[in-house]
Every structure is written in structure tokens, then in C-alpha cells.
Amino acid sequence: MGIAHEGETLTEDDVCAMAEVDGIDAVITGHTHRRFPGLDHPARSGVDTQAGTLSQRPAAMPGFGGSDLAVLDLALERDPRGHWTVARHESRLRRNTAHTLADPVVLSAARESHMKVRSHLEEVVGHTKTALHNFFSLATPTAIDALSAHAQATVIREGVRGTPESKLPILSATAAHTAGGLGGPGHFLHIPPGPVQRRHIAGLIPYRNEVWALRVSGADLRRWLETAAEVFAPLGAAIGPLVDPSRPPFHFDTIHGVTYNIDPRRPRGNRITALTWQEAPVQPKQVFLLATNQFRAAGGGGFDCAPKTAVALRSPLPLAEALIAAITDPCEHLWSDALPWRFNASGASAILQTTPDALPYLEDIAHLSPAPCGMTASGFAKIRLHL
């Protein structure tokens, strides 16, 4: 759980209510990739960004992925009844940088396990003739998305074989995870042409979520896509960011098996146009089988929580193995080669922030007339797109 900003309604992400529970003396929080204490969170009721307290309880959030070490120093006192309480505290973060020295004791203790893990992750499980990356996954569907969608749908198709659900059209939803955001300009996926290692698979599937199949109506599908399209910032006369900086990239899903347009100029909740399946408009009561993951099905990222009656399958098959199979045999097509979605905002422009490593691959988004326009202070490359 993280610390919600003032006005945010995602209460399941807000740890502040938990900090008020009697008996909790200190809180180590996370989830949102931000840092606390510090400037990542504005002051709000119950949140002291300088003292590092939530509801007057000592707290810390150490960034993400080992970016910081959180240190909570607590001075304890015992009251006349013999109960220990926190009399005072100091909460601070220590940045982990390229100049941070490794602790030799920790390295020695971890070395044997570390080498085993590295050896396992270096195993070659397939090959790719072209580069697979998600540098532009918030601007256009990518091959890496299609590969993940294919693997997910294959798991579901095998799982429902011989059941009534096998007759339903199969769609597949994939999130733009590991696509920058608060993770920074190094937080992207890139598999160069050549051997594909298990470490690449781990990057594509960072969490051990189960693959689920949901029965969804055309109306459900449209709501899902509208929720995904909320990540885009409202476009106006001035050229601004393509993505709302307060929205994590993984809140954006691409659904394969249908085609649709996104117009960020329109108000949130009304951005999806021309939603079709097999070139025919999707009808509100039309029924599909949607392959997704356990996190999304449970409402993760602000999506609707799927009712139990909508769950057609919870697959026990590991998605990692399905992804390896998809890389090994990429020729089988579940859908047409048409891009699932594209922008439909003629005359509008916006700035995409991506990794500088993306600059040699601008041909992948040639239809958006990309124009590099400098760097951000945090190291992102800025690319002007014509939508």
C-alpha cells in the first residue's frame, strides 16, 4: 500500500487509514514507487513529509527496486504498566547510487544463491529475429504486447477446450508494465535480436499472477478500454504530455482481438471510438472471453473488479512457459495483423517521454511523425508525436 495524494479515490492504495489503527507503532510502506519522507508526496492531513509520519506514526517508503534504504530510528520508553511506546523517532532515506559501496558481508552470504540465479536466468529459451521492446507502448501497440497477448490467449484457449466457453471469441488484455513512469528512463523492456534468455521472460512477466479468463460483454469491454485510456492527459491547444504524469503506465491496457480508436481530446470516459470485432461494430450485449491476469480481474489499477460469475477459468498453467512457446513458434496467428488500436486525434500533438535508447527505433512510430525535442531533467527523451 502507498500514500494517496489529496483527492485520489483509490483507497485500496492508501496506507494512511492503516496508520491510524491502534497498536501500530510504525509503518514501512511502498507499492507506488515513491519516496517518503521527501518531496514525492505533498503535505496533506495526517501526512508530515518532513518528519516522516503518517497520523503521527513513524513511517518510511524506500522508493522501489532497491533505490533507497529506509532507516527508522525509534527511541522506546516503558510506561508504568510495562508497555513499550515510541517516544521519538527519526525517519530518513539513504539513496542507493552507482557510488554506494557494497557490503562485503552481504555479498559473501548471498554469493552462492546469487550465482545460481544468474545461471538460471542466462539460460537461452528461444530466439528472435527482430528487436522486441516497449519503448512506445503508450503511443502504439507493440510486438512485445502482441507476443504476451498471444501467450495469454493460448493458455486460455487450451484451458477452455471442450467447454461451452470455447465457442466464444477470445480476446487478450496486456498492460504497459515496465514502461518508464516513476521507474525512470531505465525502466523499459528491450530484447535485442538473437537469443532470448530466461531473464527476458522474467522482465516480460514480472509478477506471478495467474492467467484468468473472464466472460465480458461488449459494454464491459468498452468500459475496460475507457478506463485504460484515462492514462492519457487531456489534449488542448498547447502541446503537453501525452501521458498524465500522475497515472502509472501499467494502468494502460491494450486489448488484442478487437480494433478501436483513442481520442485523448475527448473527456475521460468517452475516448474510445470505432470499436469493432471482425470489422463489425461491437454490440453492448455481445459476449467475449477475455484473457487477463489475476491482478486486473481483481480490480487492480482502477479497473472494475470482475464478479465471480464472470470468471470462466483460472489457469494453473505457468504463463512464462506459454511465453517461451510463443517465442519458439511465433507463426500461429490468433487475430488479424491489424493494429488493435490507434490514435484518432487529427491535428493534435503531444510529448511522449521514453528512454533515450528508443531514438534508433523511431521508424516503429513513423505513422505518428515523431520529432525528438530534447531531454527531461530526469533523463527521459522527449518525442513530439502528431496524433
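Is glutamate 122 buried, partly exposed or exposed, and what is its relative accessible area? Glutamate 122 is partly exposed, with a relative accessible area of 38%. Here buried means under 20% relative accessible area, exposed means over 50%, and partly exposed lies in between (1.4 Å probe, protein chains only).

## Basis of the model

This is a predicted model: local features need pLDDT of at least 70, side-chain atom pairs count only at pLDDT 80 or more, and totals for chains, interfaces and linings use all residues. Residues are numbered from 1 along each chain as its sequence is written, and side-chain values use heavy atoms, with hydrogens and water left out.

## Overall shape

The chain has seven helices and 23 strands. Both are DSSP runs numbered from the N terminus: helices (H or I) have at least four residues, strands (E) at least two. The radius of gyration is 23 Å, close to the 21 Å that the globule rule gives for 387 residues, so the chain is as compact as a globular protein of that length. That radius is taken over C-alpha atoms, and the rule is 2.2 Å times the number of residues to the power 0.38.

Along its principal axes, the C-alpha trace spans about 75 × 50 × 50 Å. Buried residues make up 43% of the 387 residues. A contact means heavy atoms within 4.5 Å. Among contacts between residues at least 6 apart in sequence, 72% join residues at least 24 apart.

## Around glutamate 122

Glutamate 122 sits in the loop between H2 and strand E8 (124-128). Leaving aside neighbours within four places in sequence, glutamate 122 is in contact with Gln197 and Arg199. Valine 196 is 74 residues away from glutamate 122 in sequence, yet their C-alpha atoms are 8.9 Å apart in space.

Glutamate 122 also forms a salt bridge with arginine 118, with 3.8 Å between the closest N and O atoms. Arginine 118 is partly exposed, with a relative accessible area of 38%.

## Other salt bridges

The structure holds 18 salt bridges. Each is a side-chain nitrogen of Lys or Arg within 4 Å of a carboxyl oxygen of Asp or Glu. Arginine 35 and aspartate 68 form one of them, at 2.5 Å from N to O. Arginine 35 lies in strand E2 (residues 35-36) and aspartate 68 in strand E6 (residues 68-78), so the pair ties together parts that are 33 residues apart in sequence. Aspartate 68 is buried, at 8% relative accessible area. Arginine 35 is partly exposed, at 22%.

Lysine 116 and glutamate 112 meet at 3.6 Å, N to O. They are four residues apart in helix H2 (residues 104-121), which means that about one helical turn separates them.

## An open sheet

Four strands form an open sheet in the order E17-E16-E15-E20, with mixed pairing. The edge strands, each pairing on one side only, are E17 (280-281) and E20 (341-343). Two strands pair if DSSP finds at least two bridges between them. Strand E15 (residues 259-262) runs parallel to E20, over three bridges. Within this pair, asparagine 261 stands opposite arginine 342 in E20.

Helix H5 (residues 218-229) packs on the sheet and touches E15 and strand E16 (272-277). The direction of H5 makes about 135 degrees with that of E16. Axes are lines fitted to C-alpha atoms, for helices over the stretch in contact; angles run from 0 to 180 degrees between N-to-C directions.

## Strand E10 and its partners

Five of the six residues of strand E10 (residues 170-175) are buried, so E10 is largely enclosed by the rest of the structure. E10 runs parallel to strand E18 (residues 287-293), joined by three bridges. Four bridges join E10 to strand E14 (residues 253-256) in the antiparallel sense. Serine 172 stands opposite alanine 291 in E18. In E14, the bridge partner of serine 172 is histidine 256.

Helix H3 (residues 143-159) has 17 residues, which should span 24 Å at 1.5 Å a residue; its end C-alpha atoms are 24 Å apart, in agreement. The expected span is 1.5 Å times one less than the number of residues. The buried residues of H3 include Ile144, Leu147, His150 and Val155.

Threonine 53, in strand E4 (residues 53-54), is buried at 11% relative accessible area. Beyond neighbours within four places in sequence, its contacts include Phe36, Asp48, Pro58 and His89.
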